[in-house]
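Have a look at the model first, then read on.

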Amino acid sequence: TWAALETAALRVAPNMNSQEVANLSLAYAKLGKSQPEALKAGVRGGGVRGGMAAAGYEAARHAVTSVPDRFWIYAAAGTAMYSSVIPFWFYGSGYLQRSHGFSVAAADSLMVVPELMLAVLSIPIGVAVDALKISFRVQQTGFAVCAALIAASHAQLAAGGNPVTGVLGLGFGYAACNQLMWAGFPAVCPPDLMSLGAGIVACFINLGSTAVPVAIGTIRAAPGLSEARADVAMFIMFSVSALLAAALASVVVRGTFDGGGGGGGGG
């Protein structure tokens, strides 16, 4: 009977996946019947949520097992690069005021320069990459060189060198690394996972850029540590992070991790 069929449907509704839910709804519509509220509640409580949860788990599992190994190395290199630059925005102005006698306005103005260089240089670098058909290998080599420039700029600032020169070098290295990194993204991420892959990289980048300032703040809070020594420790941390980015990019260039996963190429 119809009542028996509805009773059976109520029992299985919580375990339905999204396609089964759609089929059930279509069957009710074709028969000119309205779904009882108890059945709707059962579907809402288990079927759709269960199907979505299963789909989400499967998507995450597929992402982890499908991307090539060099995607993760690439993501780690980008994280290290951003972690060597972005946190400096929080501490750079204070350093320039303490160590070089800059006014607040002058220090803040100089700290804007790297982001301005990013805005000015990103498009020309992108045009050059496309026009010259620069390969992924060359892109990553350029990334490694510019990450080393970031490290050298931090070292110059730590040594008390010309702050304008140091910040300009930092800005150029950051702008070039940023553009070359994202230009190489299609070569390390499978086409069907582009959005998820970009989200993973963005997540890593922001986690790194959050963790480093926390670490610097912890070091600065250490009892008995002078401002000068805290500044040196900060620049060492930045330089090491930039050199790590260069080293990881070099690993990607050598193709050490090209064998894993199923991602795209890029010579």
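Is the crossing of α7 and α8 left-handed or right-handed? The crossing of α7 and α8 is left-handed, meaning the near helix is turned anticlockwise from the far one by less than a right angle (clockwise would be right-handed). Bear in mind that this is a predicted model, where local features need pLDDT of at least 70 and side-chain atom pairs count only at pLDDT 80 or more, while totals for chains, interfaces and linings use all residues. Residues are numbered from 1 along each chain as its sequence is written, and side-chain values use heavy atoms, with hydrogens and water left out.

**The helix pair**
- The axes of α7 (residues 136-158) and α8 come within 8 Å and cross at roughly 155 degrees.
- That makes α7 and α8 roughly antiparallel to each other (the cut-off is an angle over 145 degrees).
- Sorted by class, their contact has 15 nonpolar, 10 polar and no charged residues.

**Helix α8**
- α8 covers residues 163-183, and its 21 residues reach 30 Å from first C-alpha to last, close to the 30 Å expected at 1.5 Å a residue.
- Of those 21 residues, 15 are buried, so α8 is largely enclosed by the rest of the structure (buried means under 20% relative accessible area, with a 1.4 Å probe and protein chains only).
- At the start of α8, a side-chain oxygen of asparagine 162 comes to within 2.8 Å of the backbone nitrogen of valine 164.

**Alanine 148**
- Alanine 148 lies in α7 and is partly exposed, at 32% relative accessible area (the class runs between under 20% for buried and over 50% for exposed).
- Its C-alpha is separated by 8.3 Å from that of serine 239, 91 residues apart along the chain.

Technical notes
Helices (H or I, at least four residues) and strands (E, at least two) are DSSP runs, numbered from the N terminus. The expected span of a helix is 1.5 Å times one less than its number of residues. A polar contact is a pair of N or O atoms within 3.5 Å; within protein, one must be able to donate a hydrogen and the other to accept it, and residues adjacent in sequence count only if both atoms are side-chain atoms. Axes are lines fitted to C-alpha atoms, for helices over the stretch in contact, and angles run from 0 to 180 degrees between N-to-C directions. Angles under 35 degrees count as roughly parallel, over 145 as roughly antiparallel, 65 to 115 as roughly perpendicular and the rest as oblique. Ala, Val, Leu, Ile, Met, Phe, Trp, Tyr, Cys and Pro count as nonpolar, Asp, Glu, Lys and Arg as charged, and the others, Gly among them, as polar.
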